[in-house]
Amino acid sequence: MPVEKLKTLVCASIAAIVILSAVPAFAALVVYDFEDLAGPIAPMPDPYQDLIDWENGSSWFHYDFAQSPYNPHSGTVRISSETADTTPSWQFLTPVIFEGAWFAGHLFATVEYHLFNASGILLHVSPVYAPSEVPAFFATGYTGTVSRVEIHTPHPGHWVLDDLTFTVPEEPPPPPVMR
């Protein structure tokens, strides 16, 4: 093989390896349905599943008894925030791609996501969503990684969420060592 062709092939192979190593691989989609928290109304455990810090457990709670229009999407357990907190939030302890969650509640209790990185920089604000008594998925509309999620609402305590959905990026493989 001529030297020039060999150089071109080697350069193209190295470029492909570098490009592929820069593209993150993703684990399977994760859905927290909160069914492990069945029982009477109680604050959210902090951290939850070793991944979510619920504002030190001060604002968020879970419950599993019937209460329309606050219907869960799956199972019986769902979570909500206290009625005084107009920006309930949580921190992912490792950055994730937050897909969204299922919401139910009163139509007037609109919500929107504000998504932040680990440095506290606002990355995305979702459109406003109005829940109903029939749970529906409210997607974030953002595909990058986030560390903090705030829910902005003029009517806290008048909605619930269930089936929190996200993807945890895997660590990319180390780049190849060139010798």
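Reply: Let's start with Glu-150, which is buried at a relative accessible area of 15% (buried means under 20% relative accessible area, exposed over 50%, and partly exposed in between, using a 1.4 Å probe and protein chains only). Before going on, the ground rules: this is a predicted model, where local features need pLDDT of at least 70 and side-chain atom pairs count only at pLDDT 80 or more, while totals for chains, interfaces and linings use all residues. Numbering runs from 1 along each chain as its sequence is written, and side-chain values use heavy atoms, with hydrogens and water left out.

Back to Glu-150: its side chain meets that of Arg-148 in a salt bridge, at 3.7 Å from N to O (the criterion is a side-chain nitrogen of Lys or Arg within 4 Å of a carboxyl oxygen of Asp or Glu). Arg-148 is partly exposed, with 26% relative accessibility. The structure holds 1 salt bridge, so that's the charge side done.

Now the greasy part. The largest nonpolar core has 30 residues (a core here is a set of buried Ala, Val, Leu, Ile, Met, Phe, Trp, Tyr and Cys residues joined through side-chain atoms within 4.5 Å). Those with the most contacts inside this core are Phe-34, Trp-54, Trp-90, Phe-98, Phe-103, Leu-161 and Leu-164. Strands E6 (89-105), E7 (112-116), E10 (146-152) and E11 (159-169) are the elements that give two or more residues to this core, and E6 gives the most, with 6 residues. For the labels, helices (H or I, at least four residues) and strands (E, at least two) are DSSP runs, numbered from the N terminus. There is also a second, separate core of 5 residues, which includes Phe-61, Tyr-63, Tyr-70 and Val-160.

Leaving out residues up to four places away in sequence, Phe-34 touches Met-44, Tyr-48, Trp-54, Val-77, Ile-79, Leu-161, Asp-162, Asp-163 and Leu-164 (contact is heavy atoms within 4.5 Å).

On to the rings. A search of the whole structure finds 22 aromatic pairs (rings of Phe, Tyr and Trp, the last by its six-membered ring, pair if their centres lie within 6.5 Å; planes under 30 degrees apart count as stacked, over 60 as edge-to-face and the rest as tilted). One of them is Phe-34 with Tyr-48, a tilted pair at 5.5 Å centre to centre and 40 degrees between the planes. That pair links distant parts of the chain, 14 residues apart: Phe-34 in the loop between E1 (26-32) and E2 (42-43), and Tyr-48 in the loop between E2 and E3 (52-53). Both partners are buried. Another pair is Trp-90 with Phe-92, edge-to-face at 6.3 Å centre to centre and 85 degrees between the planes. Trp-90 comes in at 0% relative accessible area, and Phe-92 is also buried, with 2%.

As background, most residues other than glycine have a negative phi, and most peptide bonds are trans.

Finally, Leu-164 in strand E11, which is buried at 0% relative accessibility. Leaving aside neighbours within four places in sequence, its contacts are Val-30, Val-31, Tyr-32, Phe-34, Ile-52, Trp-54, Trp-90, Phe-98, Gly-100 and Ala-101. Not counting residues up to four places away in sequence, Gly-100 touches Tyr-113, Phe-137, Phe-138, Ala-139, Thr-140, Asp-163, Leu-164 and Thr-165.
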